[in-house]
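Please open the structure in your viewer and keep the selection panel at hand.

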Amino acid sequence: MSNYHIKQFEEYYHVYRKSVRAPEQFWEEIAEEHFYWRKKWEKVLSWDFTKPEIKWFEGAKLNITENCLDRHLHSRANKTAILFEPNNPDEPAEHISYKQLHERVCKLANVLKEKGIEKGDRVCIYLPMIPELAVSVLACARIGAIHSVVFAGFSASALATRINDCDAKMVITSDGSYRGAKTIDLKGIVDEALDDCKGVASVLVAKRINSDITMKEGRDFWLQPLLDEAYNDYTAEVMDAEDPLFILYTSGSTGMPKGMMHTCGGYMVYTAYTFKNVFDYREDDVYWCTADIGWITGHSYIVYGPLANGATTVMFEGVPSYPDFSRFWDIVEKHKVTQFYTAPTAIRALAKQGTAFVEKHDLSTLKVLGTVGEPINEEAWHWYNENIGKKKSPIVDTWWQTETGGIMITPIPFSTPTKPTYATLPFIGIQPALMDEHGDEIQGNQVEGRLCIKYPWPSIARTIWGNHQRYKDTYFSAFDNMYFTGDGALRDEVGYYRITGRVDDVIIVSGHNLGTAPIEDAVNEHQAVAESAIVGFPHDVKGNALYGYITLKGSSEGRNQDNLRKEINQLITDRIGPIAKLDKIQFTAGLPKTRSGKIMRRILRKIASNETDQLGDTSTLLNPEVVQSIIDNAL
Ligand code: PRX
C-alpha cells in the first residue's frame with residue numbers, strides 16, 4: 001500500500017492531508033494492513049484531552065512480540081535480527097537471527113514465569129547494551145509483564161527510586177559492564193539499591209565481565225543456567241491494545257522522575273510506521289542507532305520499530321572513543337551500515353577529532369543519517385553532511401520525546417528537502433501548533449511560540465505511572481485541549497519547524513534530560529550547603545553544561561572550596577549518576593530572589609552564559625545587591 005512507504009514529496013503532502021482529515025480511517029488502514037492482530041478493534045480512537053484519556057484500537061488483541069518475531073519466522077528465520085557489536089573490537093560480532101531471537105525470548109519468558117512474574121507485574125531491567133537487554137525487554141512483552149528499563153549509568157539511589165515507584169518485583173542485571181577501557185560493577189549497584197527496595201523478590205544476573213560478585217541466596221540467580229533448562233517456545237500472552245507495554249522514566253522540572261507509560265497497540269503501529277518512513281528502510285538494509293536501550297530512542301528505534309519491520313538492527317555495547325575515535329566509522333564499514341542514527345553531542349565530539357578518523361573508512365554504504373535528542377547546531381549539521389554523508393545521504397533531524405513514543409517532526413529522506421537545524425515538517429498524522437503566552441494559537445509562518453500538539457497520535461504516553469494528576473498538570477494544563485511539549489519552536493517562511501529548546505527547568509546535557517530540582521535536592525543534602533540553584537549554559541560538545549550557584553551555611557564558609565566541589569559532585573553522582581555532575585560551581589553570598597522568595601533563575605542563566613548585558617531590570621529583586629557580586633565572581 002503506497003500510504004505505508006512515502007517516497008516523494010508530493011506524496012508526503014497527499015498522505016499527510018489524508019491523515020489529518022480523517023485520522024481514524026488513516027490509522028485504521030495502516031494498522032489493518034501491516035500488523036498481526038489476534039482480534040480487531042471495536043473503536044479506532046477515543047480521546048479527551050481534558051481528562052486526559054486517550055485510547056487507540058480499543059478492544060483489539062495482540063502481542064507485540066508476535067509482530068516483532070513470530071510473523072517473520074517463515075520468511076526471515078535466518079535473517080539477522082540483532083547484530084551485536086561488542087565493546088572490544090577484537091571480540092567477534094554476534095549475528096542473532098530471527099529464529100534465534102525468538103527462541104531466546106521464549107526461553108527467558110519461561111524463566112520469568114517460573115520465577116513468578118505474571119501479566120501486569122513490573123520488571124526492572126538494569127543491563128548494559130548486550131543482547132540480553134533486548135531479549136529481556138521482549139520476554140517481558142511476551143508474557144505481558146511491564147518492563148521498566150533503567151539506563152545502566154544511573155546510580156543505586158536513582159535505580160532504587162525507579163524500582164520503588166513502579167513496585168518492580170524483579171530486577172534483571174549483569175555482573176558488570178564494559179565501557180571503553182573501564183568496567184562497571186552493575187551488580188554492586190543493584191545490591192546497594194535493593195537495600196531500599198523491599199518489593200523485589202528476585203534478581204536475574206547475566207554474566208558479562210566474569211567478575212567476582214556476591215549472590216544473595218534465594219534472591220539472586222545466574223541467568224544462563226536457568227535459560228539452559230528452559231523450554232524454547234512460549235505462547236505469547238494475548239494483550240489488549242491498551243494494556244501497558246512499558247514504563248520509562250524521564251526527568252521532569254520538579255521532583256520525582258516521571259514514569260511514562262506506553263501501551264501495546266498504538267505504540268507498535270506508530271513506531272513501526274515511522275521507522276519504515278523516516279529511515280527509508282528497505283529489506284536488506286543494516287540499520288544502526290547508537291542510542292542506549294535505556295532511553296526511548298533505543299526502545300522505539302533499536303528494538304520495537306526495526307523488529308516490527310523485520311529489519312537487521314545493530315546493538316553496540318561500547319563508546320565512540322574506544323579504542324579510538326574511529327570506532328563508529330569502523331563499525332559502519334565492517335557491517336555495511338545503511339542507516340546511521342545518533343545524537344548531536346556525539347557528532348560534535350567526533351567532529352572535534354578532525355576528519356582523519358573518518359577518512360580511513362569506507363562509508364559508502366550509508367544512505368540515511370539521523371540525529372535526535374537536542375537541537376543540532378549548524379556547524380555539526382554541516383560536518384555530518386559533508387564528512388559522513390558525503391553530501392549524498394539526507395540528514396533526518398528527528399524531533400520527539402519519551403512521552404511521544406515515536407518521531408513527531410522530521411524530514412522524510414529523499415522526499416522532504418532538508419534545511420540545517422530544522423526538523424522540518426510534521427510526520428504523517430501529527431498536528432503541531434505554536435502557542436503564544438496568552439494561550440492562543442499563532443497562525444501563519446515566520447513565527448515563534450510554544451510547541452503543542454493538537455490531536456492524539458497512536459504512541460502518545462497514556463499516563464504517568466501512579467500519578468495521573470501529574471500527567472494532566474504537566475502536559476494538558478498549560479493550553480486548553482492541547483498536548484504541551486515543554487519545547488519552544490519557530491516556524492519559518494515555508495512552514496518548517498526548528499526546535500529552539502526547552503522552556504522549562506529541564507536541561508539537556510549530552511542529549512540526556514536532566515531536571516534541575518532533583519540535582520538541587522542532591523546538592524542541598526550536603527551538610528555545608530544552605531541553598532543552591534542550577535542552570536544550564538552553552539557547551540561546545542555537550543550542547544549544555546550545568547552551572548551551580550551555591551550558598552554555604554555560615555559555619556562552612558571557611559572550608560576549602562575545591563574539596564567542597566568534589567564532595568558535592570560526588571553526592572550528585574551517588575544520588576543521580578555521573579551525567580548530572582556540575583561543570584562549574586560558584587559559591588555565592590546569596591541567590592537573587594523575587595519579593596515572594598523565588599530564585600530568579602533567568603538572571604543566573606544569563607550570568608552563566610556570559611550575557612550580563614541582557615540582565616534586564618533587577619531593581620525589583622528582594623536583594624539586588626547580590627547580582628553584582630555574582631557577576632564579579634563568575635567562573
Ligand atoms: O527538547 C527536546 C529534545 O529532547 C527532548 C526530549 O527528550 P527525551 O524525552 O529524553 O527524548 C529524547 C529522544 C527522543 C525534547 O523535548 N529533542 C529531542 N529531539 C530533538 C530535540 N530538540 C531539538 N531537535 C531534535 N531533533
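Select Pro375 and the ligand: a polar backbone atom of Pro375 is 3.4 Å from a nitrogen atom of the ligand, a polar contact being a pair of N or O atoms within 3.5 Å. This is a predicted model, in which local features need pLDDT of at least 70 and side-chain atom pairs count only at pLDDT 80 or more, while totals for chains, interfaces and linings use all residues. Residues are numbered from 1 along each chain as its sequence is written, and side-chain values use heavy atoms, with hydrogens and water left out.

Now display the shell of 18 residues around the ligand, each with a heavy atom within 4 Å of it. Among the closest are Asp397 and Asp487. Helix H11, strand S20 (395-398) and strand S25 (497-502) each supply at least two residues of this shell; helices (H or I, at least four residues) and strands (E, at least two) are DSSP runs, numbered from the N terminus.

Finally, select H10 (residues 264-278) and H11 (residues 296-308), whose axes come within 8 Å and cross at roughly 90 degrees; axes are lines fitted to C-alpha atoms over the stretch in contact, with angles from 0 to 180 degrees between N-to-C directions. H10 is therefore roughly perpendicular to H11 (65 to 115 degrees).

Notes. Parallel < 35°, antiparallel > 145°, perpendicular 65-115°, else oblique. Polar contact = N/O pair within 3.5 Å; in protein donor to acceptor, adjacent residues only side chain to side chain.
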